[in-house]
Amino acid sequence: MSEPTGLAGEAERLDAADALAAVRERFVLDDVTYLDGNSLGALPAHVPARVADVVRRQWGELRIRSWEESGWWTAPERIGDRIAPLVGAAAGQVVVGDSTSVNVFKALVAAVRMAREDGDGGPGGTGGTGGTDGAGGPGGPGPVWDEILVDATTFPTDGYIAESAARMTGCTLRPVTPAEVPSVLADRGGRTAAVLLNHVDYRTGRLHDLPALTAAAHQAGAYVVWDLCHSAGALPVGLDEHRVDLAVGCTYKYLNGGPGSPAYLYVRRDLQHRFDSPLPGWNSHAEPFGMRSDYAPASGAVRGRVGTPDILSLLALEAALDVWDEEGVSVAAVRAKSLALTDFFLRCVGAYVPDGRVESVTPAAHAERGSQVALRCDDAGEVMKRLIERGVVGDYRAPDVLRFGFTPLYVGFADVERAARVLARTLAG
(Lines give C-alpha, C1' and ligand atoms only; values in the text may rest on other atoms or scores of the structure.)
Protein backbone atom coordinates (compact mmCIF):
# COMPACT_ATOMS: atom_id res chain seq x y z
CA MET A 1 0.00 0.00 0.00
CA SER A 2 1.42 3.37 -0.96
CA GLU A 3 1.91 6.05 1.67
CA PRO A 4 -0.98 8.55 1.85
CA THR A 5 -0.24 11.86 0.22
CA GLY A 6 -1.48 15.42 0.52
CA LEU A 7 -3.05 16.74 3.70
CA ALA A 8 -4.42 13.32 4.68
CA GLY A 9 -0.91 11.91 4.49
CA GLU A 10 0.46 14.82 6.47
CA ALA A 11 -2.18 14.26 9.15
CA GLU A 12 -1.14 10.63 9.42
CA ARG A 13 2.51 11.58 9.82
CA LEU A 14 1.68 14.25 12.41
CA ASP A 15 -0.36 11.77 14.43
CA ALA A 16 2.49 9.27 14.31
CA ALA A 17 4.85 11.88 15.76
CA ASP A 18 2.39 13.21 18.35
CA ALA A 19 3.75 12.82 21.89
CA LEU A 20 0.21 13.08 23.31
CA ALA A 21 -1.36 10.56 20.94
CA ALA A 22 -1.48 7.76 23.51
CA VAL A 23 -3.59 9.88 25.89
CA ARG A 24 -6.48 9.54 23.45
CA GLU A 25 -6.88 5.94 24.64
CA ARG A 26 -7.80 7.26 28.09
CA PHE A 27 -11.11 8.62 26.73
CA VAL A 28 -14.39 7.10 25.59
CA LEU A 29 -14.53 7.96 21.89
CA ASP A 30 -16.12 6.55 18.76
CA ASP A 31 -15.96 7.17 15.02
CA VAL A 32 -17.43 10.66 15.40
CA THR A 33 -14.98 13.55 14.96
CA TYR A 34 -15.64 15.38 18.21
CA LEU A 35 -14.68 19.07 18.08
CA ASP A 36 -16.99 20.36 20.80
CA GLY A 37 -14.78 19.92 23.85
CA ASN A 38 -14.97 23.67 24.35
CA SER A 39 -18.60 23.04 25.40
CA LEU A 40 -18.40 19.56 26.97
CA GLY A 41 -15.27 17.47 27.23
CA ALA A 42 -15.22 13.76 26.41
CA LEU A 43 -15.54 11.13 29.14
CA PRO A 44 -12.26 9.77 30.56
CA ALA A 45 -12.61 6.01 30.41
CA HIS A 46 -11.80 5.32 34.06
CA VAL A 47 -14.38 7.75 35.50
CA PRO A 48 -17.46 5.43 35.45
CA ALA A 49 -15.76 2.86 37.68
CA ARG A 50 -14.61 5.57 40.09
CA VAL A 51 -18.10 7.06 40.28
CA ALA A 52 -19.56 3.58 40.79
CA ASP A 53 -17.29 3.16 43.81
CA VAL A 54 -18.42 6.51 45.20
CA VAL A 55 -22.07 5.52 44.82
CA ARG A 56 -21.93 1.87 45.88
CA ARG A 57 -19.24 1.83 48.56
CA GLN A 58 -18.70 5.37 49.82
CA TRP A 59 -22.37 6.31 49.81
CA GLY A 60 -23.99 2.87 49.84
CA GLU A 61 -21.86 1.25 52.56
CA LEU A 62 -20.00 3.95 54.49
CA ARG A 63 -22.78 6.50 54.18
CA ILE A 64 -22.20 9.48 56.48
CA ARG A 65 -18.79 8.12 57.54
CA SER A 66 -17.52 9.04 54.08
CA TRP A 67 -17.39 12.72 54.98
CA GLU A 68 -14.24 11.83 56.91
CA GLU A 69 -13.20 8.33 55.85
CA SER A 70 -13.57 8.98 52.10
CA GLY A 71 -12.36 12.57 52.25
CA TRP A 72 -15.62 14.16 51.17
CA TRP A 73 -15.28 17.13 53.51
CA THR A 74 -11.86 18.20 52.22
CA ALA A 75 -12.61 17.49 48.54
CA PRO A 76 -13.21 21.14 47.47
CA GLU A 77 -9.71 22.18 48.55
CA ARG A 78 -8.00 18.91 47.61
CA ILE A 79 -9.37 19.02 44.07
CA GLY A 80 -8.67 22.76 43.92
CA ASP A 81 -5.02 21.97 44.55
CA ARG A 82 -5.07 19.60 41.57
CA ILE A 83 -6.51 22.30 39.31
CA ALA A 84 -4.11 24.95 40.64
CA PRO A 85 -1.02 23.95 38.56
CA LEU A 86 -3.18 23.85 35.42
CA VAL A 87 -3.91 27.57 35.87
CA GLY A 88 -0.47 28.53 37.16
CA ALA A 89 -1.26 28.75 40.86
CA ALA A 90 0.39 27.37 43.97
CA ALA A 91 -1.59 25.15 46.30
CA GLY A 92 -4.02 26.63 48.79
CA GLN A 93 -5.60 29.21 46.50
CA VAL A 94 -8.27 27.33 44.57
CA VAL A 95 -11.51 25.91 45.94
CA VAL A 96 -13.95 23.85 43.88
CA GLY A 97 -17.71 24.18 44.20
CA ASP A 98 -20.85 25.94 42.96
CA SER A 99 -21.26 27.07 39.35
CA THR A 100 -19.21 29.54 37.35
CA SER A 101 -22.02 32.06 37.64
CA VAL A 102 -22.13 31.81 41.43
CA ASN A 103 -18.36 32.14 41.65
CA VAL A 104 -18.36 35.17 39.36
CA PHE A 105 -20.85 36.81 41.70
CA LYS A 106 -18.78 36.00 44.78
CA ALA A 107 -15.57 37.24 43.19
CA LEU A 108 -16.97 40.43 41.69
CA VAL A 109 -18.74 41.63 44.84
CA ALA A 110 -15.69 40.77 46.93
CA ALA A 111 -13.50 42.74 44.51
CA VAL A 112 -15.64 45.86 44.90
CA ARG A 113 -15.60 45.49 48.68
CA MET A 114 -11.81 45.19 48.73
CA ALA A 115 -11.40 48.24 46.49
CA ARG A 116 -13.51 50.32 48.83
CA GLU A 117 -11.67 48.97 51.83
CA ASP A 118 -8.38 50.02 50.24
CA GLY A 119 -9.46 53.65 49.97
CA ASP A 120 -6.75 55.20 47.81
CA GLY A 121 -4.10 52.61 48.50
CA GLY A 122 -4.51 50.43 45.42
CA PRO A 123 -5.50 46.78 45.11
CA GLY A 124 -3.98 44.90 47.99
CA GLY A 125 -0.59 46.50 47.77
CA THR A 126 -0.09 45.73 44.08
CA GLY A 127 0.91 49.28 43.27
CA GLY A 128 -2.31 50.78 41.98
CA THR A 129 -2.42 54.56 41.93
CA GLY A 130 -6.01 54.92 42.98
CA GLY A 131 -5.52 58.46 44.26
CA THR A 132 -7.35 60.43 41.61
CA ASP A 133 -10.73 62.00 42.03
CA GLY A 134 -14.06 60.55 40.98
CA ALA A 135 -13.78 62.07 37.51
CA GLY A 136 -10.26 60.85 36.92
CA GLY A 137 -8.39 64.11 37.51
CA PRO A 138 -6.02 65.05 40.34
CA GLY A 139 -6.94 67.18 43.31
CA GLY A 140 -10.58 66.15 43.66
CA PRO A 141 -12.42 64.62 46.58
CA GLY A 142 -10.69 61.24 46.27
CA PRO A 143 -11.60 57.88 44.79
CA VAL A 144 -15.18 56.70 44.94
CA TRP A 145 -14.89 53.19 43.46
CA ASP A 146 -18.40 53.24 42.03
CA GLU A 147 -17.89 51.45 38.72
CA ILE A 148 -17.47 47.93 37.39
CA LEU A 149 -16.06 47.29 33.93
CA VAL A 150 -17.29 44.18 32.15
CA ASP A 151 -16.16 42.65 28.88
CA ALA A 152 -18.75 43.82 26.34
CA THR A 153 -18.22 40.60 24.37
CA THR A 154 -18.58 38.35 27.41
CA PHE A 155 -20.60 35.18 27.68
CA PRO A 156 -24.09 36.48 28.51
CA THR A 157 -24.29 35.00 32.01
CA ASP A 158 -21.20 36.92 33.12
CA GLY A 159 -22.92 40.10 31.98
CA TYR A 160 -26.10 39.25 33.85
CA ILE A 161 -24.15 38.51 37.03
CA ALA A 162 -22.09 41.69 36.66
CA GLU A 163 -25.28 43.73 36.34
CA SER A 164 -26.68 42.20 39.51
CA ALA A 165 -23.39 42.70 41.39
CA ALA A 166 -23.36 46.34 40.30
CA ARG A 167 -26.88 46.89 41.64
CA MET A 168 -26.00 45.19 44.91
CA THR A 169 -22.88 47.32 45.44
CA GLY A 170 -24.29 50.59 44.12
CA CYS A 171 -21.92 50.63 41.16
CA THR A 172 -22.41 51.66 37.56
CA LEU A 173 -21.77 48.87 35.08
CA ARG A 174 -19.72 49.89 32.03
CA PRO A 175 -19.42 47.34 29.19
CA VAL A 176 -16.17 47.84 27.26
CA THR A 177 -14.17 45.64 24.91
CA PRO A 178 -10.97 44.20 26.35
CA ALA A 179 -8.96 46.37 23.93
CA GLU A 180 -10.58 49.47 25.42
CA VAL A 181 -9.93 48.54 29.05
CA PRO A 182 -6.50 50.22 29.50
CA SER A 183 -7.62 53.58 28.11
CA VAL A 184 -10.91 53.52 30.02
CA LEU A 185 -9.07 52.72 33.24
CA ALA A 186 -6.55 55.48 32.65
CA ASP A 187 -9.34 57.99 32.10
CA ARG A 188 -11.38 56.90 35.09
CA GLY A 189 -8.92 56.23 37.91
CA GLY A 190 -10.63 56.26 41.27
CA ARG A 191 -13.92 55.16 39.73
CA THR A 192 -13.33 51.57 38.61
CA ALA A 193 -13.39 49.15 41.50
CA ALA A 194 -13.40 45.88 39.56
CA VAL A 195 -12.89 44.56 36.05
CA LEU A 196 -14.45 41.29 34.82
CA LEU A 197 -12.81 39.81 31.74
CA ASN A 198 -12.80 36.57 29.76
CA HIS A 199 -9.40 35.05 29.03
CA VAL A 200 -10.70 33.59 25.75
CA ASP A 201 -13.71 34.94 23.89
CA TYR A 202 -16.28 32.13 23.82
CA ARG A 203 -17.54 33.09 20.37
CA THR A 204 -14.43 33.93 18.36
CA GLY A 205 -11.71 32.08 20.25
CA ARG A 206 -9.66 35.28 20.68
CA LEU A 207 -7.13 35.04 23.51
CA HIS A 208 -6.89 38.27 25.50
CA ASP A 209 -3.69 39.61 27.06
CA LEU A 210 -4.08 38.58 30.69
CA PRO A 211 -0.73 39.97 31.91
CA ALA A 212 -1.16 43.41 30.33
CA LEU A 213 -4.82 43.82 31.25
CA THR A 214 -4.18 42.70 34.84
CA ALA A 215 -1.36 45.22 35.13
CA ALA A 216 -3.56 47.98 33.71
CA ALA A 217 -6.27 47.25 36.27
CA HIS A 218 -3.78 47.35 39.12
CA GLN A 219 -2.25 50.58 37.88
CA ALA A 220 -5.71 52.17 38.11
CA GLY A 221 -6.32 50.81 41.61
CA ALA A 222 -8.87 48.24 40.46
CA TYR A 223 -9.18 44.53 41.11
CA VAL A 224 -9.48 42.11 38.22
CA VAL A 225 -11.61 38.96 37.96
CA TRP A 226 -10.74 36.60 35.11
CA ASP A 227 -13.13 34.01 33.65
CA LEU A 228 -10.99 31.04 32.56
CA CYS A 229 -13.75 28.79 31.22
CA HIS A 230 -12.30 28.65 27.71
CA SER A 231 -8.61 28.58 28.63
CA ALA A 232 -8.02 26.35 31.68
CA GLY A 233 -6.75 22.99 30.49
CA ALA A 234 -5.98 24.26 27.00
CA LEU A 235 -3.23 26.86 27.48
CA PRO A 236 -1.00 28.45 30.13
CA VAL A 237 -2.71 30.99 32.39
CA GLY A 238 -0.13 32.11 34.96
CA LEU A 239 -2.38 33.37 37.75
CA ASP A 240 0.38 33.65 40.35
CA GLU A 241 3.01 34.88 37.93
CA HIS A 242 0.85 37.79 36.78
CA ARG A 243 -0.62 38.52 40.22
CA VAL A 244 -4.21 38.00 39.19
CA ASP A 245 -6.52 38.90 42.06
CA LEU A 246 -9.46 36.56 41.51
CA ALA A 247 -10.39 34.02 38.86
CA VAL A 248 -13.19 31.56 38.16
CA GLY A 249 -13.75 28.79 35.69
CA CYS A 250 -15.79 25.75 34.81
CA THR A 251 -14.46 22.20 34.72
CA TYR A 252 -16.60 20.49 32.08
CA LYS A 253 -14.82 21.84 29.00
CA TYR A 254 -11.08 21.22 28.61
CA LEU A 255 -10.87 19.68 32.10
CA ASN A 256 -13.40 16.98 31.09
CA GLY A 257 -15.19 16.90 34.45
CA GLY A 258 -18.59 15.97 33.05
CA PRO A 259 -21.89 17.78 32.48
CA GLY A 260 -22.57 20.25 35.27
CA SER A 261 -19.33 19.49 37.08
CA PRO A 262 -18.57 22.13 39.72
CA ALA A 263 -16.65 25.29 38.96
CA TYR A 264 -13.68 26.71 40.88
CA LEU A 265 -12.68 29.97 42.49
CA TYR A 266 -9.12 31.30 42.80
CA VAL A 267 -8.32 33.87 45.48
CA ARG A 268 -4.72 35.07 45.54
CA ARG A 269 -3.10 34.08 48.81
CA ASP A 270 -2.36 37.57 50.11
CA LEU A 271 -5.99 38.60 49.53
CA GLN A 272 -7.63 35.64 51.23
CA HIS A 273 -7.90 37.25 54.65
CA ARG A 274 -9.80 40.15 53.05
CA PHE A 275 -12.07 38.10 50.79
CA ASP A 276 -15.57 39.10 51.92
CA SER A 277 -18.01 36.75 50.20
CA PRO A 278 -21.54 38.02 49.55
CA LEU A 279 -22.67 34.39 50.04
CA PRO A 280 -21.43 33.34 53.47
CA GLY A 281 -22.48 29.79 54.19
CA TRP A 282 -21.89 27.21 56.86
CA ASN A 283 -19.21 25.50 54.77
CA SER A 284 -17.03 28.63 54.84
CA HIS A 285 -17.50 29.27 58.57
CA ALA A 286 -14.47 29.10 60.83
CA GLU A 287 -16.43 26.58 62.93
CA PRO A 288 -18.76 24.89 60.45
CA PHE A 289 -20.12 22.47 63.03
CA GLY A 290 -20.33 25.02 65.81
CA MET A 291 -23.73 26.13 64.53
CA ARG A 292 -23.18 29.67 65.76
CA SER A 293 -25.70 32.36 64.88
CA ASP A 294 -22.96 34.84 63.95
CA TYR A 295 -20.75 34.32 60.92
CA ALA A 296 -16.97 34.13 61.25
CA PRO A 297 -15.14 33.31 58.01
CA ALA A 298 -12.63 30.50 57.81
CA SER A 299 -9.03 31.13 56.83
CA GLY A 300 -7.64 30.59 53.38
CA ALA A 301 -9.37 29.49 50.19
CA VAL A 302 -12.07 27.81 52.29
CA ARG A 303 -13.71 31.25 52.45
CA GLY A 304 -14.89 30.64 48.91
CA ARG A 305 -17.12 27.74 49.95
CA VAL A 306 -20.83 28.25 50.58
CA GLY A 307 -22.96 25.15 51.19
CA THR A 308 -22.71 21.38 51.06
CA PRO A 309 -20.55 20.27 48.10
CA ASP A 310 -21.99 18.30 45.17
CA ILE A 311 -20.05 15.18 46.07
CA LEU A 312 -20.93 12.93 43.10
CA SER A 313 -19.97 15.54 40.49
CA LEU A 314 -17.00 16.67 42.55
CA LEU A 315 -15.48 13.21 42.77
CA ALA A 316 -16.17 12.50 39.09
CA LEU A 317 -14.13 15.62 38.36
CA GLU A 318 -11.36 14.44 40.66
CA ALA A 319 -11.16 11.20 38.72
CA ALA A 320 -11.18 13.01 35.38
CA LEU A 321 -8.17 15.06 36.43
CA ASP A 322 -6.09 11.87 36.62
CA VAL A 323 -5.34 12.16 32.91
CA TRP A 324 -3.06 15.10 33.77
CA ASP A 325 -0.89 12.70 35.77
CA GLU A 326 0.11 10.81 32.62
CA GLU A 327 3.76 11.03 31.67
CA GLY A 328 4.40 13.85 29.20
CA VAL A 329 1.05 15.53 29.80
CA SER A 330 1.62 19.17 30.71
CA VAL A 331 -0.03 22.47 29.97
CA ALA A 332 2.94 23.41 27.79
CA ALA A 333 2.65 20.21 25.73
CA VAL A 334 -1.12 20.69 25.39
CA ARG A 335 -0.67 24.29 24.24
CA ALA A 336 1.91 23.32 21.63
CA LYS A 337 -0.39 20.66 20.19
CA SER A 338 -3.40 22.98 20.35
CA LEU A 339 -1.65 25.54 18.17
CA ALA A 340 -0.49 22.84 15.77
CA LEU A 341 -4.04 21.45 15.50
CA THR A 342 -5.67 24.82 14.90
CA ASP A 343 -2.96 25.83 12.40
CA PHE A 344 -3.50 22.58 10.50
CA PHE A 345 -7.27 22.96 10.54
CA LEU A 346 -7.03 26.45 9.05
CA ARG A 347 -4.69 25.12 6.35
CA CYS A 348 -7.08 22.28 5.53
CA VAL A 349 -10.06 24.62 5.41
CA GLY A 350 -8.11 26.92 3.11
CA ALA A 351 -7.25 24.01 0.83
CA TYR A 352 -10.64 22.29 0.75
CA VAL A 353 -13.28 25.01 1.10
CA PRO A 354 -13.90 27.26 -1.93
CA ASP A 355 -12.91 30.90 -1.50
CA GLY A 356 -15.58 33.08 0.04
CA ARG A 357 -17.64 30.27 1.59
CA VAL A 358 -16.25 30.72 5.12
CA GLU A 359 -14.25 33.38 6.96
CA SER A 360 -12.20 32.74 10.08
CA VAL A 361 -12.98 35.15 12.91
CA THR A 362 -10.34 33.54 15.12
CA PRO A 363 -7.02 35.45 15.14
CA ALA A 364 -4.21 33.92 13.13
CA ALA A 365 -1.55 35.07 15.60
CA HIS A 366 -0.73 32.39 18.17
CA ALA A 367 -0.56 34.95 20.98
CA GLU A 368 -4.18 35.89 20.27
CA ARG A 369 -5.68 32.44 19.72
CA GLY A 370 -7.29 30.09 22.21
CA SER A 371 -7.99 26.43 21.42
CA GLN A 372 -10.88 26.86 19.03
CA VAL A 373 -11.51 28.08 15.51
CA ALA A 374 -14.64 30.05 14.69
CA LEU A 375 -15.74 30.27 11.07
CA ARG A 376 -18.37 32.68 9.82
CA CYS A 377 -20.58 31.34 7.06
CA ASP A 378 -24.06 31.78 5.62
CA ASP A 379 -26.79 29.61 7.14
CA ALA A 380 -24.37 28.45 9.84
CA GLY A 381 -27.03 26.75 11.96
CA GLU A 382 -28.14 24.50 9.12
CA VAL A 383 -24.53 23.82 8.10
CA MET A 384 -23.66 22.64 11.61
CA LYS A 385 -26.74 20.43 11.70
CA ARG A 386 -25.60 18.72 8.49
CA LEU A 387 -22.02 18.40 9.79
CA ILE A 388 -23.25 16.61 12.89
CA GLU A 389 -25.35 14.27 10.74
CA ARG A 390 -22.13 13.43 8.87
CA GLY A 391 -20.18 12.70 12.03
CA VAL A 392 -18.37 15.99 12.66
CA VAL A 393 -19.54 17.56 15.92
CA GLY A 394 -18.91 21.23 16.54
CA ASP A 395 -21.44 23.85 17.52
CA TYR A 396 -23.13 26.99 16.27
CA ARG A 397 -23.42 30.50 17.70
CA ALA A 398 -25.98 32.92 16.32
CA PRO A 399 -26.16 34.44 13.90
CA ASP A 400 -23.47 33.00 11.64
CA VAL A 401 -20.59 31.29 13.49
CA LEU A 402 -19.46 27.66 13.36
CA ARG A 403 -17.31 26.82 16.39
CA PHE A 404 -14.76 24.00 16.44
CA GLY A 405 -13.01 23.27 19.73
CA PHE A 406 -9.73 21.34 19.86
CA THR A 407 -8.95 19.36 23.01
CA PRO A 408 -5.38 18.19 22.46
CA LEU A 409 -5.66 15.30 24.92
CA TYR A 410 -7.91 13.38 22.53
CA VAL A 411 -8.18 15.24 19.20
CA GLY A 412 -5.76 14.15 16.49
CA PHE A 413 -4.62 15.58 13.19
CA ALA A 414 -6.65 13.05 11.20
CA ASP A 415 -9.74 14.37 13.01
CA VAL A 416 -8.81 17.87 11.89
CA GLU A 417 -8.29 16.91 8.25
CA ARG A 418 -11.53 14.94 8.14
CA ALA A 419 -13.51 17.81 9.69
CA ALA A 420 -12.28 20.25 7.06
CA ARG A 421 -12.97 17.78 4.26
CA VAL A 422 -16.50 17.09 5.48
CA LEU A 423 -17.11 20.81 5.90
CA ALA A 424 -16.13 21.39 2.28
CA ARG A 425 -18.42 18.61 1.09
CA THR A 426 -21.27 19.93 3.23
CA LEU A 427 -20.93 23.47 1.88
CA ALA A 428 -20.87 22.09 -1.66
CA GLY A 429 -24.28 20.52 -1.00
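Analyst: Trp-67 is partly exposed, at 23% relative accessible area. Trp-72 is buried, at 8%. Buried means under 20% relative accessible area, exposed over 50%, and partly exposed in between, with a 1.4 Å probe and protein chains only. This is a predicted model, in which local features need pLDDT of at least 70 and side-chain atom pairs pLDDT 80 or more, while totals for chains, interfaces and linings use all residues. Residues are numbered from 1 along each chain as its sequence is written, and side-chain values use heavy atoms, without hydrogens or water.

A pair of aromatic rings is described by the distance of the centres and the angle of the planes. Rings of Phe, Tyr and Trp (its six-membered ring) pair if their centres lie within 6.5 Å; planes under 30 degrees apart are stacked, over 60 edge-to-face, the rest tilted. The whole structure holds ten aromatic pairs. Trp-67 and Trp-72 form one of them: edge-to-face, 5.3 Å centre to centre, with 85 degrees between the planes. Trp-282 and Phe-289 form another edge-to-face pair, at 5.5 Å and 80 degrees. Trp-282 is partly exposed at 34%, whereas Phe-289 is exposed at 57%. Ring pairs join Trp-67, Trp-72, Trp-73, Trp-282 and Phe-289 in a cluster.

Next, the strands. Helices (H or I, at least four residues) and strands (E, at least two) are DSSP runs, numbered from the N terminus. Two strands pair if DSSP finds at least two bridges between them. Strand β5 (residues 192-198) has seven of its seven residues buried, so it is largely enclosed by the rest of the structure. β5 runs parallel to β3 (residues 147-151), joined by four bridges. Here Ile-148 has Ala-194 of β5 as its bridge partner. β5 also pairs in parallel with β6 (residues 223-227), over five bridges. Ala-194 has Tyr-223 of β6 as its partner. From β5 the chain crosses through helix α8 (residues 210-219) to β6, a right-handed β-α-β crossover. Right-handed means a clockwise path from the first strand over the helix to the second, with the strands pointing away from the viewer.

There is also an antiparallel open sheet of four strands, in the order β9-β10-β13-β12. Its edge strands, β9 (359-360) and β12 (395-397), each pair on one side only. β9 and β10 (residues 372-376) share two bridges. Ser-360 faces Leu-375 of β10.

On a 1 Å grid over the protein atoms alone, a cavity is a set of points where a 1.4 Å probe fits but cannot get out; a pocket is an open set with protein on both sides within 12 Å along at least five of seven lines; lining residues have an atom within 4 Å of a point. Points join across faces, edges and corners, and a volume is the space filled by probe spheres set on them. The largest pocket has about 330 Å³ of space. Its lining has 23 residues, with Thr-100, Phe-155, Cys-229, Tyr-252 and Lys-253 nearest its centre. α5 (100-118) and α6 (156-169) are the elements that give two or more residues to this lining. One cavity of 30 Å³ or more is found in the whole structure. The largest cavity has a volume of about 50 Å³. Its lining includes Arg-24, Asp-30, Tyr-34, Tyr-410 and Asp-415.
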